[in-house]
Amino acid sequence: MSTAFHLNNKIILITGSTSGIGRETAIKCAEMGATMILTGRNTERLNETLKALKGTGHKSIACDLLNEASLKDLVSSCSQLDGLVHCAGLVKPFPVGFLTKPKIDETLHSNFYSVVELTSALFKAKKINDKASLVFMSSISGQHPHKAGSMYAASKAAVEAFSKTVALEYYPKGIRSNCISPAMVKTPMFDAASEGMSQESMDAHIAKYPLGVGYPEDVANSVIFLLSPASRWITGINLLMDGGLLLEY
Amino acid sequence: MTLTLESFIAKLEEEIDTIPKGSLKPDTNYRDIKDWSSMHALIIIALADTDYNAVLTGNDLRSCNTVSELFNVIKSKIA
């Protein structure tokens with residue numbers, strides 16, 4: 001039986017692969033037949049993810065995406081890519097009245113600038129193969145912000161606009177670009193974001209999810225779909241994954 | 001900025017405008033502040049970060065009840 005639901009013969013670069021959604025996605029992609037190039041800042045944790053991958057030929061390249069030279073090294077040591085998954089990012093809740101340029105920069109550099117810089121540099125270096133698929137991790141916050149999440153929401157909305165532009169500019173090469181916007185997913189980032197919330201308000205929020213909160217593997221499965229030939233006809237979309245949260249809105 | 005309990009109380013009264021000036025005492029339970037919400041918790045975390053360079057967590061907030069307890073936690077975390 002032939003199926004388009006696979007990642008055989010695909011080389012895929014993934015950022016933020018040392019924890020949360022990125023780590024789980026790397027593991028699942030390898031299970032689906034991909035050869036993975038993992039990147040992240042922490043070598044030890046990169047090796048940990050690398051060891052968890054099935055199959056052979058995978059590698060890791062340590063990189064601080066905020067560092068220009070480090071990003072350049074990553075691009076030059078990367079092989080030709082059939083897929084690129086951007087999972088690196090941070091969430092730092094801060095109310096509007098307290099925002100300053102350093103605070104704005106902190107979130108935008110991690111969640112937007114480095115995403116654009118890496119993508120652009122890979123295209124410039126002609127490392128993205130024809131028919132490749134790019135997946136950007138956005139968030140439900142991009143369209144539905146939360147209190148103290150202005151910069152996070154802005155960075156994700158910016159990523160969504162960027163992804164659509166990539167889709168427009170590169171469709172002649174059959175290259176596709178899509179976003180995934182999850183709502184609450186149980187990850188270390190989720191734990192960081194829930195700092196400052198009381199247990200009661202957290203429980204009240206979780207109760208709003210008809211299908212419960214999400215897990216990294218839920219998102220990983222969608223990333224696999226968007227990377228695989230099964231999504232050949234899909235580009236420029238933002239796939240909302242919210243366990244039904246927004247059904248009543 | 002030097003952190004004294006008095007200056008911290010003054011800061012809280014300035015940032016959270018549902019607190020009548022001069023009404024906040026060291027033994028006030030900060031959750032009893034009028035219309036207390038998660039937004040106020042976020043403001044306290046941001047205030048600690050901005051003015052005292054202290055990183056507070058939700059657990060820190062959960063572990064305190066009074067304004068002076070909050071003050072002591074921030075003081076212990078000043079970088």
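A: Helices (DSSP H or I, at least four residues) and strands (DSSP E, at least two) are DSSP runs, numbered from the N terminus. The model is a predicted one, in which local features need pLDDT of at least 70 and side-chain atom pairs count only at pLDDT 80 or more, while totals for chains, interfaces and linings use all residues. Residues are numbered from 1 along each chain as its sequence is written, and chains are lettered from A and ligands numbered from 1 in the order in which they are written.

Chain B contains four helices and zero strands, and its elements, read from the N terminus, follow the order α-α-α-α. Its radius of gyration is 11 Å, close to the 12 Å that the globule rule gives for 79 residues, so chain B is as compact as a globular protein of that length. The radius is taken over C-alpha atoms, and the rule is 2.2 Å times the number of residues to the power 0.38. Along the principal axes, the C-alpha trace of chain B spans about 30 × 25 × 20 Å.

Of the 79 residues in chain B, 29% are buried; a residue is buried if 20 or more other C-beta atoms lie within 10 Å of its own, exposed if 12 or fewer, and partly exposed in between, with C-beta atoms placed from the backbone. Two residues are in contact if their C-beta atoms, placed from the backbone, lie within 7 Å. Among the contacts in chain B between residues at least 6 apart in sequence, 54% join residues at least 24 apart.

One loop residue illustrates the local packing. Thr57(B) sits in the loop between helix H2 (38–52) and helix H3 (58–63) of chain B. Because 15 other C-beta atoms lie within 10 Å, Thr57(B) is partly exposed. Ile45(B) is 12 residues away from Thr57(B) in sequence, and their C-alpha atoms are 7.4 Å apart in space.

The contact between the chains takes 12 residues from chain B and 12 residues from chain A. On the side of chain B that touches chain A, H2 and H3 of chain B each supply at least two residues, and H2(B) gives the most, with eight. The residues of that side divide into seven nonpolar, four polar and one charged. Here Ala, Val, Leu, Ile, Met, Phe, Trp, Tyr, Cys and Pro count as nonpolar, Asp, Glu, Lys and Arg as charged, and the others, Gly among them, as polar.

A nonpolar core is a set of buried Ala, Val, Leu, Ile, Met, Phe, Trp, Tyr and Cys residues joined through C-beta atoms within 7 Å. The largest has 51 residues, and Val135(A) is one of those that touch the most other members. Apart from that core lies another, of 24 residues, among them Tyr152(A), Ile43(B), Ala48(B) and Leu61(B).

Confidence is expressed by pLDDT, the predictor's confidence in each residue, from 0 to 100. Chain B averages 88, and 97% of its residues score at least 70. Within chain B, confidence is lowest in H3(B), with a mean of 84, and highest in helix H4 (residues 67–76), at 93. For the model, ipTM is 0.81 and pTM is 0.92.
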